[in-house]
Amino acid sequence: MCRSIKTLRPPVLPEEATEEDIRAAALQYVRKVSGFRAPAAHNREVFDRAVDVIAEATAELLAGLEVRGAARRAG
């Protein structure tokens, strides 16, 4: 488990996660899975693309989640 990735949904995060929060979590995930804090130049493109894809999937997940006892967020 990557301890530096925080939960990004209410009620743990009282306000809606920002794009910056989502991107930071995606970056931490890619760093953990790849084993690279910063990739070498020849891996930069695939590393950055993975962060983009994971950030997009995370935003979609958060937009679609229904938290019991809370109204569904528009997204």
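Author: The discussion below takes up the salt bridges, the placement of their partners and one further residue pair.

Author: This is a predicted model, in which local features need pLDDT of at least 70 and side-chain atom pairs count only at pLDDT 80 or more, while totals for chains, interfaces and linings use all residues. Residues are numbered from 1 along each chain as its sequence is written, and side-chain values use heavy atoms, with hydrogens and water left out.

Reader: What is a salt bridge, by the rule used here, and how many does the count come to?

Author: The term denotes a side-chain nitrogen of Lys or Arg within 4 Å of a carboxyl oxygen of Asp or Glu. By this rule there are four salt bridges. One of them joins the side chains of D21 and K6, at 3.8 Å from N to O.

Reader: Which parts of the chain does the pair D21 and K6 link?

Author: Helices are DSSP runs of H or I with at least four residues, numbered from the N terminus. D21 belongs to helix α1 (residues 19-34), whereas K6 lies in the segment before α1; the two are 15 residues apart, and the pair links distant parts of the chain.

Reader: Is D21 buried or exposed?

Author: Relative accessible area decides the class: buried is under 20%, exposed is over 50%, and partly exposed is in between, with a 1.4 Å probe and protein chains only. D21 counts as buried because its relative accessibility is 19%.

Reader: Where do R23 and D52 lie?

Author: The side chains of R23 and D52 meet in a salt bridge of 2.6 Å, N to O. This pair also links distant parts of the chain, with R23 in helix α1 and D52 in helix α2 (residues 44-64), 29 residues apart. R23 is partly exposed at 37% relative accessibility, and D52 is likewise partly exposed at 42%.

Reader: What separates R49 and E45 along helix α2?

Author: R49 and E45 form a salt bridge through their side chains, at 3.4 Å from N to O. Because they are four residues apart in helix α2, about one helical turn separates them. R49 is partly exposed at 44% relative accessibility, whereas E45, at 60%, is exposed.

Reader: How many residues separate P10 and E66 in sequence?

Author: P10 and E66 are 56 residues apart in sequence, and their C-alpha atoms are 9.8 Å apart in space. P10 is placed in the segment before α1 and is partly exposed, at 21% relative accessibility.
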